[in-house]
Amino acid sequence: MRALVFVLSMVAMLATANSASADQRVAIVLGNGTYKNIEHLPNAPVSARAMTKLLQGAGFDVVEGIDLTREKMTEKLLDFGKKAEGADIALFYYAGHGISLGGTDYLLPVDSDIKSEMDVKLGAAINVELTLDQTMNDAKVKLVFLDSSRDNPFVAKIKPNSSTRTVAVPMGLAEMKSDEGTLVEYATGPGQTAPDGSPGGPRVFTRALLANIAAPGVEIQQAMSQVRAQMYQDTNGKQMPFGHTNLIGEVYLNPAPIVPTAPK
């Protein structure tokens, strides 16, 4: 009887695994590090390539972009937007410089040369919230991981549109609200900064993501708790991720169950 129960359990788990593998899973992975006008972030491309490998192993169709100009970044986003239509899970990952202007977050292509508020708003940078809305809105589950940034590289250069007012250009990225079915995770808290990390390896936040988010049978929100614990240990509490979620139900990047041992 116990042998029959074991066999039925195996059949059920294989059916679950096959169903999960049939899900439409798409991702975009962007890593900008070789900037033309500001400080380089050598670990950003390393982080992105490692994330691509992880996600492909978890069954994602990945659009990858490394050291992209504004034009090339837009092309990759358009490609991702088409793939993400009606997807079961759509994942957005970015490593590189980012800025916040007037409470709105922007990602910086490698050819960014921002001298004014107008440069940002007219397209020199990528508006994060608008981009996510345009590319991932139709996906059932939306996961967003932003590994940015050390500081605002243009903070001393950005001038307001009018000489009669000032422009708020804080350090790091601002907090972005998440819609239903969305998880958003930043490398660190609002207004704080995240270092590039030791040369030659993934950034601290990405390293913790790689170690936890695709662990077999681990739900994504549980995985993020493990990410926080690892980052606290790795940085002695100096850098902690920040995020919020409106996910409904459980989400697994790797739903593979633990196979029970056969009864003796």
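**The three-stranded sheet**

Begin by selecting β4, β5 and β6, which make an open sheet of three strands in that order with antiparallel pairing. At the edges stand β4 (98-101) and β6 (126-127), each with a single partner strand, so one side of each is left without a neighbour in the sheet. Before going further, note that this is a predicted model, in which local features need pLDDT of at least 70 and side-chain atom pairs count only at pLDDT 80 or more, while totals for chains, interfaces and linings use all residues. Residues are numbered from 1 along each chain as its sequence is written, and side-chain values use heavy atoms, with hydrogens and water left out.

The names you are selecting follow DSSP runs, numbered from the N terminus: helices are H or I runs of at least four residues, and strands are E runs of at least two. Two strands pair if DSSP finds at least two bridges between them. Now select β5 (residues 104-107) together with β6, which pair in the antiparallel sense over two bridges, and look for L107, whose bridge partner in β6 is I126.

**The six-stranded sheet**

Next, select the six strands that form an open sheet in the order β2-β1-β3-β7-β8-β9, where the pairing is mixed. Here β2 (61-66) and β9 (242-245) stand at the edges, each with a single partner strand, so one side of each is left without a neighbour in the sheet. From one strand to the next, the twist averages 5°.

Select strand β1 (residues 25-31) and strand β3 (residues 89-95), which run parallel and are joined by seven bridges; I28 stands opposite F92 in β3, and the bridge partner of L30 in β3 is Y94. Turning to β2, you will find that six bridges join β1 to this strand, again running parallel, and that A27 has V62 as its bridge partner there.

Is β1 covered on one face or on both? Both faces are covered, with R25, A27, V29 and G31 on one side and V26, I28 and L30 on the other, all of them buried (under 20% relative accessible area, with a 1.4 Å probe and protein chains only).

**Two helix pairs**

Now select helix α6 (residues 204-212) and helix α7 (residues 220-235), whose axes come within 9 Å and cross at roughly 135°. That makes α6 oblique to α7, because angles under 35 degrees count as roughly parallel, over 145 as roughly antiparallel, 65 to 115 as roughly perpendicular and the rest as oblique.

Finally, select helix α3 (residues 70-83) and helix α5 (residues 128-136), whose axes come within 7 Å and cross at roughly 40°. That makes α3 oblique to α5. In this contact L77, F80 and G81 in α3 meet T131, T135 and M136 in α5.

**The whole chain**

Zoom out to see the whole chain, which has seven helices and nine strands, and in which buried residues make up 46% of the 264 residues.

Conventions. Axes fitted to C-alpha atoms, helices over the stretch in contact; angles between N-to-C directions. Contact = heavy atoms within 4.5 Å. Buried < 20%, exposed > 50% of the residue type's maximum accessible area, 1.4 Å probe, protein only.
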